[in-house]
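Let's take a walk through this protein together. Have a look at the sequence and the structure below, and then we'll go from one piece to the next.

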Amino acid sequence: MALALVLLPRVLAPPQPIGTSSVFKNSRSAHRAIVPIAVVPLLLTAVTGILYSLLEAREIEVDWLMALHIGHFGPLDLEPFYSVILGVCVLVLAGSGLSLWFKTRRRAS
């Protein structure tokens, strides 16, 4: 969160004067600001899902792990919205990553 607060002014700054390098730099800084925020729920869901299935195969009950996996974080219950949050994270990361990839390819040719 602190990283996002540090990078947010750079992302929201007005674009630099004409030039492809300034556009590329803004896209890259936007992607760098988005990734640390979006990767947390994605990694949490992946890790808790893997751990839950491994422990369930050994017949070990870990209901609290499933609660984390579906977005129930104690008093903060994101369960109704958690799948939407994950979907938006995937789309934003894929979109910004593809944008950078296409700009790099255009620049190289």
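What should the 30 residues of helix H4 span, and how far apart are its end C-alpha atoms? This is a predicted model, so we can check it against a simple rule. At 1.5 Å a residue, H4, which covers residues 79-108, should span 44 Å. Its end C-alpha atoms are 44 Å apart, so the two agree.

Now let's step back to the whole chain. The protein chain has four helices and two strands, and along the sequence they come in the order α-α-α-β-β-α. Of the contacts with a separation of 6 or more, 57% are between residues 24 or more positions apart.

Back to H4, this time for what is tucked away. Tyr-82, Leu-86, Cys-89, Leu-93, Ser-96 and Leu-100 are buried in this helix. Across the chain, buried residues make up 21% of the 109 residues.

What about the outside? The protein chain exposes about 8000 Å², and carbon and sulfur atoms supply 71% of that. One spot to look for is a nonpolar patch on the surface, formed by Val-47, Ile-50, Leu-51 and Leu-54. Together these four residues have about 360 Å² of accessible area.

Let's zoom in on one member of that patch. Ile-50 sits in helix H2, which runs over residues 20-57. Is Ile-50 buried or exposed? Exposed means over 50% relative accessible area, and Ile-50 has 51%, so it counts as exposed.

How values were computed:
Residues numbered from 1 in each chain as written. Predicted model: local features only at pLDDT ≥ 70, side-chain atom pairs only at ≥ 80, totals over all residues. Heavy atoms only, no water. Buried < 20%, exposed > 50% of the residue type's maximum accessible area, 1.4 Å probe, protein only. Contact = heavy atoms within 4.5 Å. Areas by Shrake-Rupley, 256 points an atom, 1.4 Å probe, with all protein chains shown as cover. Expected span 1.5 Å × (residues − 1). Patch = residues over 30% accessible without salt bridge, like charges linked within 9 Å, V, L, I, M, F, W, Y side chains within 5 Å. Salt bridge = Lys/Arg side-chain N within 4 Å of Asp/Glu carboxyl O.
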